[in-house]
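Please keep the sequence and the model side by side while reading.

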Amino acid sequence: MAAPSVAGDRAAPPSERIGHRRKPDAPDVAGGELIGFGPGKVILIGEHAAVYGHPVLAGPLSWGVTARGTPASRCRLAVPPGAKLTRKARKLLMAAFDRAARACGSPRIRVTLESEIPVSMGLGSSAAVGVACARLLLAASGKPMPPPDVVAKVAMLMEEEFHGQPSGIDHTTSAQGRLILYRRRPGAPLGIARPVRSPRPLKLLVALVGPRPPTRATVAGLRARASRWPSRYGRLMRELGMLAREGAAAVEAGDLESLGDAMNASQGVLSALGLSSASIDQMVHRLRGMGALGAKLTGAGGDGGAVIGLFPGPELALVRLRRQGVVCFESQVAGPKTL
Ligand code: PMV
């Protein structure tokens, strides 16, 4: 099922705060309240292939989920009555939180959540919930500055509740808070993340193109096709993994044109895998027409979700798209800060 929305969920990232990036690894203490932050994520190249053990290139968004904790008689997640949650989603969220809380010794805090990321759009909202809760729970149990892999382990417990058997790219990117090339080989309990450094600012425009099926359903549909035609689908998956590696090398070389080209090629492969749609394709072509060096769907895709465009400077395209009624925002995922 779709990852649950959380309390205080705001439909779209607040554009007026673009560029404001919080430091994700250190919990804040404000007025006796502990705060943990988990950024959303964006996959540049390699979604779906990641599930089959191939490399994937992903980075954090400037936006995310904030978990706040205040002293209480027991460890609990407080979801306000007004939260847009189905009963099933609420149960799932509670079960996921309880699992993470138990792993941290159930510190006595009351936790609330605020999200800036649209839910079920491929931007890692559930992983951001997991990372925000993990940081907060770890801090409340006496580990204020845990390394990213410790945070990721706790967040993974929540992701497994939400998604079943995720590759781990979402919560690993959120916990690392930087651009990474990630790979979890088939059967391995954990993936390995390598930081990818960019000598140039890497700026993406993220445009939302409407609702999409839950990740679980899209992953299952692809699995059915892949088991019917294993050799063809295996080739296409391997190609995505190679493009992710080449994309990472292009980032490190400061070659944005090559990264953009690898992103375009990966959109072609995702399309061949049956993961694109008319609305995604239209936005991809719109962004390319506005000067994107590369444009593709991001996340599970299927029909709708989010499309990313790599621009040396996305500001003009952002203004034009907003004028045309498109919900979009900008995020710098790597490189020297320019804002
Ligand atoms: O749930 P999404 O849209 O962020 O997609 C996650 C990426 C997938 O490769 C489709 C799934 C996974 O577990 O890696």
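The ligand is surrounded by 14 residues, and the closest of them are K41, S167, R212, T215 and A300; a residue is counted here as near a molecule or strand if one of its heavy atoms lies within 4 Å of it. This is a predicted model, in which local features need pLDDT of at least 70 and side-chain atom pairs count only at pLDDT 80 or more, while totals for chains, interfaces and linings use all residues. Residues are numbered from 1 along each chain as its sequence is written, and side-chain values use heavy atoms, with hydrogens and water left out.

**The ligand and its surroundings**

- A polar side-chain atom of K41 lies 2.6 Å from an oxygen atom of the ligand, where a polar contact is a pair of N or O atoms within 3.5 Å and, within protein, one atom must be able to donate a hydrogen and the other to accept it, with residues adjacent in sequence counting only if both atoms are side-chain atoms.
- An N or O atom in the side chain of R212 is 2.7 Å from an oxygen atom of the ligand, and for T215 a polar side-chain atom lies 2.5 Å from an oxygen atom of the ligand.
- Taken alone, the ligand exposes 380 Å², and the protein buries 94% of that; accessible areas come from the Shrake-Rupley method with a 1.4 Å probe, and for residues only the protein chains shown count as cover.
- The elements that give two or more residues to the shell around the ligand are β2 and α4, where helices (H or I, at least four residues) and strands (E, at least two) are DSSP runs numbered from the N terminus.

- S167 is placed in the loop between α3 and α4, and S167 counts as buried because its relative accessibility is 9%; buried means under 20% relative accessible area, exposed means over 50%, and partly exposed lies in between, with a 1.4 Å probe and protein chains only.
- The side chain of S167 reaches the backbone nitrogen of I169 at 3.2 Å.
- When its neighbours within four places in sequence are left aside, S167 is in contact with A50, V51, Y182 and R184, contact meaning heavy atoms within 4.5 Å.

**Helix α4**

- Helix α4, which spans residues 169–176, is mostly covered, with 7 of its 8 residues buried; the buried residues are I169, D170, H171, T172, T173, S174 and A175.
- These buried residues pack against β2 (33–45), β3 (56–71), α2 (125–140), α3 (148–163), β6 (180–183) and β7 (192–195).
- A175 is found in helix α4 and counts as buried because its relative accessibility is 3%.
- Apart from its neighbours within four places in sequence, A175 is in contact with V131, R135, P148, V151 and A152.
- A175 and G268 are 93 residues apart in sequence and, from C-alpha to C-alpha, 30 Å apart in space.
- Just after α4, G177 takes a positive phi of about 65°.

**Positive phi in residues other than glycine**

- S106 has a positive phi of about 45° although it is not a glycine, and its place is in the loop between α1 (87–103) and β5 (109–115).
- S106 counts as partly exposed because its relative accessibility is 34%.
- S120, in the loop between β5 and α2, has a phi near 55°, a positive value in a residue other than glycine.
- S120 is buried, because its relative accessible area is 16%.

**Buried residues in strands**

- A306 is placed in strand β10 (residues 306–310) and counts as buried because its relative accessibility is 1%.
- Leaving aside neighbours within four places in sequence, A306 is in contact with M121, L123, V206, A207, L208, L297 and T298.
- The C-alpha atoms of A306 and S126, which are 180 residues apart along the chain, are separated by 15 Å.
- W63 is in strand β3 and counts as buried because its relative accessibility is 0%.
- Between the C-alpha atoms of W63 and A100, which are 37 residues apart along the chain, the separation is 22 Å.
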